[in-house]
Amino acid sequence: MSDRPDPRLRHATAADRDAVADLICVSTNYWYRASGRPPIFRHGPETCGVFWDVYEALDPGRCVVAEDPRTGHLMGSCFYHPRDTHVSLGIMNAHPNHFGRGVAARLLRFVTDLADAQNKPVRLVSSAMNLDSFSLYTKAGFHPRALYHDMIVPPDRVSAGLGGVDLSRVRPATLADVPAIAELEWRVSRIRREQDWRHFVENAAGVWHVSVHEAAGGGPGGGGNRGDGGGGGAIDGALASVDHPASNMLGPGVMADDAAAAPLIAAELTRRGGGPP
């Protein structure tokens, strides 16, 4: 029987920022190396502070950490995001030095207990390649609702493979578009997270960009098709992207159909000047 004490859970404070960033970097790179792949965070833990900064800006005080009660060292961390329709489980990490001590399970239980108290479902996106985390979520009662494929677009294909895509109805999103984006996501995915879209469009951190696809003829979404770039008209798609050394990807996004998805993907890819997401 182990004499190691159980992890102690508490909400993180601003003083934990660098330690959480280090934890995210170490644990994620460890998993990639153990899977025979190169580390995904190649610029050190300093860049991983962006996750704290973004999540803290979105939901202040919504990071739970597990610490060793003897040393005070962080054993794991988890961000969570209460919304009107659900609770979203954000990035969760356990330090490899503490694997097998139930750190992730305890963090997950904290979030599911909170959601149960609010009578809300918990939503998350997890890699099926990470069998440990997939098993963790399955044992906790989670069920897959949709499957996604990771796609990495090489720089030479960003421009070469996007010819012929009609971008005439794509424009940068404005704050006036946020209510329409939120309503579209409700219709498509049955979730509401207007504050998230407002955060991406405002882009106070300088790392986000959001494009919208205007609906033909002022379709569902209200307001008609402005066509003047001012925002606030009918849209049938929106796509955000983040461009940062620690996170370079497309998403989140919501589209009514493939006809809106393809131009938005093309627009967010080409605006990077050939850099791969």
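A: Happy to. Let's begin with a helix. Val20, Ala21, Leu23, Ile24, Cys25, Ser27, Thr28, Asn29 and Tyr32 are the buried residues of H1. Keep in mind that this is a predicted model.

Q: How should I read the spacing in a list like that?

A: The general idea is that an α-helix has 3.6 residues a turn, so residues three or four places apart point the same way. In this chain, the buried set of H1 includes Val20, Ile24 and Thr28.

Q: How many residues does H1 have, and how far does it reach?

A: H1 covers residues 17-34, which is 18 residues, and spans 26 Å from first C-alpha to last. That is close to the 26 Å expected at 1.5 Å a residue. Just past the end of H1, glycine 36 adopts a positive phi of about 80°.

Q: Let's move to a strand. Which way do the side chains of E2 point?

A: In a regular strand the side chains alternate between the two faces of the sheet. Here, Cys63, Val65 and Glu67 point one way from E2, while Val64 and Ala66 point the other way. Both sets are buried, and 5 of the 5 residues of E2 are covered in that sense.

Q: Which strands does E2 pair with, and in what sense?

A: On one side, strand E1 (residues 8-11) runs antiparallel to E2, joined by 4 bridges. Look for leucine 9, which sits opposite alanine 66 of E2. E2 also pairs with E3, again antiparallel, over 5 bridges; there, valine 65 has serine 77 of E3 as its bridge partner.

Q: Is isoleucine 152 buried or exposed?

A: Exposed means over 50% relative accessible area. Isoleucine 152 comes out at 73%, so it counts as exposed. Its place is in the loop between helix H4 (131-139) and helix H5 (155-160). Isoleucine 152 and methionine 249 lie 97 residues apart in sequence, with 9.0 Å between their C-alpha atoms.

Q: And what does the whole chain look like in numbers?

A: The chain has 8 helices and 9 strands, and 43% of its 277 residues count as buried. Its accessible surface comes to about 14600 Å², with 52% belonging to carbon and sulfur atoms.

Conventions. Residues are numbered from 1 along each chain as its sequence is written. This is a predicted model: local features need pLDDT of at least 70, side-chain atom pairs count only at pLDDT 80 or more; totals for chains, interfaces and linings use all residues. Side-chain values use heavy atoms; hydrogens and water are left out. Helices (H or I, at least four residues) and strands (E, at least two) are DSSP runs, numbered from the N terminus. The expected span of a helix is 1.5 Å times one less than its number of residues. Buried means under 20% relative accessible area, exposed over 50%, partly exposed in between (1.4 Å probe, protein chains only). Two strands pair if DSSP finds at least two bridges between them. Accessible areas come from the Shrake-Rupley method with a 1.4 Å probe; for residues, only the protein chains shown count as cover.
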